[in-house]
Amino acid sequence: MATEPLPHAANIIGAAVPRIDGPLKTTGTARYAVDHDFPNLVHAVAVQSTIGKGRIRTLDVSAAEQMPGVLLVLRHGNIQNVFRTFPRQQDGAMAESRAPFEDENIYYWGQYIAVVVAETLEQAKAAAAAIHADYEVESPDVRTDLSADFDGKRESSWKRGDPDQALASAPVVIDQTYSTPVETHNPMEMHGTVAVWDGDNVTLYDSSQGVVSFRTVMSEVLGVPRENVRIISRFVGSGFGGKLSPWPQATLAAAAARQLNRPVKLSVDRRMMFSNVGHRPRTQQRIRLGATPDGKLTAIRHDFYTETSQLDDFVEHCGEQTPFIYSCPNLEVTTAMVHRNVGAPAPMRGPGAVPGLFALESAIDELAIKLKMDPLELRYKNDAERDEGKNLPFSSRHLKECYQVGAEKIGWNQRTPEVGSMRRNGKVIGMGVGAASWSAARIPCTASFEFCPNGRVCVRCATQDIGTGTYTLFAQVAHAKTGVPLDHIDVFLGDSSLPDGPTSGGSMVTSAILPAATAAVSQAVTRLLNIAAQTPGSPFHGAHPDSLTIADGRVVAKDQQPQVVGVALHSGADLTANGLPFEEVLKLANLSGISATGRTFPSFEDPKAQKYSLHSFGAHFAEVEWEPDIARLRVSRVFSIFDCGRIINKKAGANQILGAAVMGVGMSLFEETHYDKHFGQPINGNFADYLVPTCADLPDLDVTFLDYPDLIVNEYGARGIGEIGMAGVAPAIASAVYHATGVRVRELPIRIEDLLQSKVLEV
């Protein structure tokens with residue numbers, strides 16, 4: 001099959017560009033964290049608790065310490081110079097507030113109680129199996145009812161008007177509770193760390209979504225200066241939020257390597273992924289809506305519980321979108337944290353918005369049914385023209401157009417409102433819609449650009465590519481500004497020794513790197529043109545730099561574009577007409593390179609941006625097929641329409657939304673981590689029992705970007721798209737299920753057992 005040619009530099013921004021790192025991954029050349037090997041490297045294996053709550057009475061490691069190849073058994077009492085981090089928001093912190101082996105208390109099943117380090121992985125595993133712990137056992141609390149015996153504090157995070165009074169007087173009221181389960185991050189690449197000390201300096205190869213914040217955190221944890229810590233994470237096999245913060249295995253690998261003065265590798269296996277490196281916490285949300293008979297919202301109350309671990313205060317902010325997604329004069333959002341004997345939760349794709357919009361959008365659908373109103377009509381009627389939570393105009397909002405485009409694509413005008421009234425090919429058809437939103441912002445970033453003497457250009461930034469196409473975005477900017485072919489552009493990421501870059505979280509990397517990369521390239525180009533004009537022997541010597549430009553990697557006069565591109569100029573060629581390759585400029589000027597650094601300044605420091613509410617918006621339209629005779633449900637079609645600013649790479653952007661929609665199908669129909677009530681163990685902690693969508697479960701997927709640039713966010717008008725793609729999928733599917741079956745499912749995932757209540761029994 002012929003490869004479609006790439007667009008010219010003038011059109012590279014917004015094109016569908018293949019990932020420049022794709023060949024490295026498909027050939028196995030890309031090295032992930034635990035792929036790194038070093039002379040004298042040794043292997044560590046963690047030992048986990050087998051109870052969910054209690055205390056270690058005795059820990060017998062004597063047999064393990066005598067086994068062949070064993071070098072060290074780390075545990076409470078012999079781990080050295082490991083500290084907690086200072087609690088903060090901006091610079092990151094350990095995902096677990098408790099330092100490993102800080103005490104002998106057990107707070108959740110699977111908690112690390114020891115680490116064995118041996119010459120080989122097999123020796124370390126054998127010795128780990130020989131360690132015996134005797135516990136004082138208590139009953140863990142892993143109850144799924146988060147409101148049970150709750151006596152903690154409920155905090156109000158948003159309030160306007162008097163929602164209680166408005167609800168009391170509302171002619172139409174919805175009052176329902178919606179629940180989402182624990183979901184476990186399951187990226188293909190599991191967590192792992194290789195730690196290497198060189199004197200007082202340590203390098204950690206880790207699967208991280210934020211090498212710069214990781215460096216700050218680990219300097220505190222290990223008690224060494226920040227400049228002595230280097231984090232490398234050049235390739236990440238996805239993270240979905242679970243790799244935003246360092247987990248205990250990084251601390252343990254670094255501590256063991258320091259004590260042994262040898263490189264140490266510690267990997268987390270798939271079972272440990274279910275207990276030791278985070279999860280989306282369970283939520284329980286009560287939604288109360290008040291409305292007039294014609295469908296105008298008068299009140300919204302969103303009161304939710306969110307599960308967290310015993311020692312951490314992680315909050316799944318389910319109400320973040322509630323204050324502005326709809327227009328409503330009376331509103332309040334309240335939060336309650338519930339501590340359980342589980343590992344620390346962590347952000348998971350679309351944290352807060354994904355479970356929060358499941359509840360809110362499901363309630364909106366229920367209100368439409370109660371009013372006998374089309375769900376889209378209700379949404380149009382209550383669309384917010386400004387952010388009523390912050391009392392600010394939106395920088396850009398085209399949610400109504402998302403609804404309109406999606407309705408046309410799915411054929412919403414053919415939808416009949418009665419339950420079970422639509423049929424196709426012997427199946428009952430249901431349709432549903434869910435709105436989506438996610439915040440946008442410009443966060444700090446620094447990037448450098450260099451013209452190199454070998455005819456290549458280099459872009460450097462200490463952000464990382466977690467599989468979303470960040471390498472390619474940098475290359476697109478460099479190509480757009482210089483015309484240097486993509487295969488002559490080297491992008492260096494994922495190393496904290498590079499210019500500081502952002503954490504890959506919150507869908508904010510793209511909007512952060514674009515201004516920094518653009519500024520760096522533009523400054524380097526300006527310097528190149530000045531050198532070309534100032535250097536004796538240059539065909540442009542004496543010209544004004546403003547009369548020059550760069551095209552296809554060559555310095556040219558603005559009024560004369562290159563006539564020959566990609567062909568070496570022969571002696572005596574008209575250099576003025578055809579341009580001078582930038583490497584020839586460097587050679588004439590006797591320079592080893594020309595470089596520049598660009599920076600992105602955060603939107604919260606921008607007076608102009610502070611005058612607006614920055615968000616992306618979208619809508620998912622879902623169709624399901626229900627076969628009541630065999631109780632078979634399938635999501636058949638999903639249309640995703642998004643207003644996410646300008647899309648920089650349509651191929652990578654579409655992939656993001658498609659993947660998010662698949663995750664939304666998993667959330668709706670399959671995913672749930674179950675804990676054993678006696679021991680607190682995640683009992684389906686493997687890919688055999690933890691269900692995720694397979695190819696056979698996937699619907700026909702369609703993605704549309706409205707592509708309206710949001711120039712308040714950055715000069716390209718780009719906002720992030722990774723998180724929002726999953727928000728709104730679950731309520732769209734749940735509403736479609738109700739439309740087909742008449743069963744309103746308010747607790748995810750949707751189970752066949754739920755649908756057996758359906759009165760739609762025959763097709």
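Start by selecting Leu392. Leaving out residues up to four places away in sequence, Leu392 touches Arg386, Asp387, Gln610, Lys611, Tyr612 and Ser613. Leu392 belongs to strand β17, residues 392-393. Thr510 is 118 residues from Leu392 along the chain, and their C-alpha atoms are 24 Å apart. Keep in mind throughout that this is a predicted model.

**Helix α9**

Select residues 375-381. This is helix α9, and Glu377 lies in it. Glu377 is partly exposed, because its relative accessibility is 43%.

Is Arg379 buried or exposed? Its relative accessible area is 0%, so Arg379 counts as buried. Look for the backbone oxygen of Pro375. That oxygen lies 3.2 Å from a polar atom of the Arg379 side chain. Then show what surrounds the arginine. Beyond residues up to four places away in sequence, Arg379 touches Tyr326, Glu361, Ile364, Asp365, Tyr403 and Val433.

**From Asp365 to Arg744**

Asp365 was one of those contacts of Arg379. Select Asp365 together with Arg744. The two form a salt bridge, and their closest N and O atoms are 2.6 Å apart. Arg744 sits in the loop between α16 (729-741) and α17 (752-755), while Asp365 is in helix α8 (residues 353-371), so this pair ties together parts that are 379 residues apart in sequence. Check the cover on each partner. Arg744 is buried, with a relative accessible area of 13%. Asp365 is buried too, at 4%.

Side chains of opposite charge can pair when their charged atoms come close. How many salt bridges does a search of the whole structure find? The search finds 42.

Select Glu189 and Lys243 for another one. Their closest N and O atoms are 3.1 Å apart. The pair joins distant parts of the chain, 54 residues apart: Glu189 is in the loop between β8 (172-180) and β9 (192-198), and Lys243 is in the loop between β11 (229-232) and α6 (248-260). Glu189 has 12% relative accessibility and counts as buried. Lys243 is buried as well, with a relative accessible area of 1%.

Move to Asp21 and Lys25. Their side chains meet in a salt bridge, at 3.2 Å from N to O. Here the two partners fall into separate classes of cover. Asp21 is buried, at 3% relative accessibility. Lys25 is partly exposed, at 29%.

For a network, select Asp164, Arg288, Arg301, Asp303 and Glu332. Salt bridges link these residues.

**Helix α5**

Select residues 211-222. Helix α5 has twelve residues, which should span 16 Å at 1.5 Å a residue; its end C-alpha atoms are 16 Å apart, so the helix agrees with that expectation. How many of its residues are buried? Eleven of the twelve are, so α5 is mostly covered, since buried means under 20% relative accessible area. Among the buried residues are Val211, Phe214, Arg215, Met218 and Leu222. What do the buried residues pack against? They pack against β9, β10 (201-206), β11 and α6. Now step just past the helix to Gly223. Gly223 takes a positive phi of about 70 degrees.

**A nonpolar patch**

Select Met188, Phe687 and Val692. These form a nonpolar patch there, with about 300 Å² of accessible area together. Phe687 is in the loop between α15 (650-669) and β29 (700-705). At 41% relative accessibility, Phe687 counts as partly exposed.

**Last stop: Thr482**

Select residues 470-482, which make up helix α11, and pick Thr482. Thr482 is buried, with a relative accessible area of 1%. Which backbone oxygen lies 2.6 Å from a polar atom of its side chain? That oxygen belongs to Ala478. The side chain of Thr482 also reaches the backbone nitrogen of Val484, at 3.1 Å. Now show the contacts. Setting aside neighbours within four places in sequence, Thr482 is in contact with residues including Phe449, Phe451, Val521, Val525 and Ile550.

Conventions. Residues are numbered from 1 along each chain as its sequence is written. This is a predicted model: local features need pLDDT of at least 70, side-chain atom pairs count only at pLDDT 80 or more; totals for chains, interfaces and linings use all residues. Side-chain values use heavy atoms; hydrogens and water are left out. A salt bridge is a side-chain nitrogen of Lys or Arg within 4 Å of a carboxyl oxygen of Asp or Glu. Buried means under 20% relative accessible area, exposed over 50%, partly exposed in between (1.4 Å probe, protein chains only). Helices (H or I, at least four residues) and strands (E, at least two) are DSSP runs, numbered from the N terminus. The expected span of a helix is 1.5 Å times one less than its number of residues. Contact means heavy atoms within 4.5 Å. Patches are made of residues with over 30% relative accessible area and no salt bridge: like charges are joined within 9 Å, nonpolar side chains (Val, Leu, Ile, Met, Phe, Trp, Tyr) within 5 Å. Accessible areas come from the Shrake-Rupley method with a 1.4 Å probe; for residues, only the protein chains shown count as cover. A polar contact is a pair of N or O atoms within 3.5 Å; within protein, one must be able to donate a hydrogen and the other to accept it, and residues adjacent in sequence count only if both atoms are side-chain atoms.
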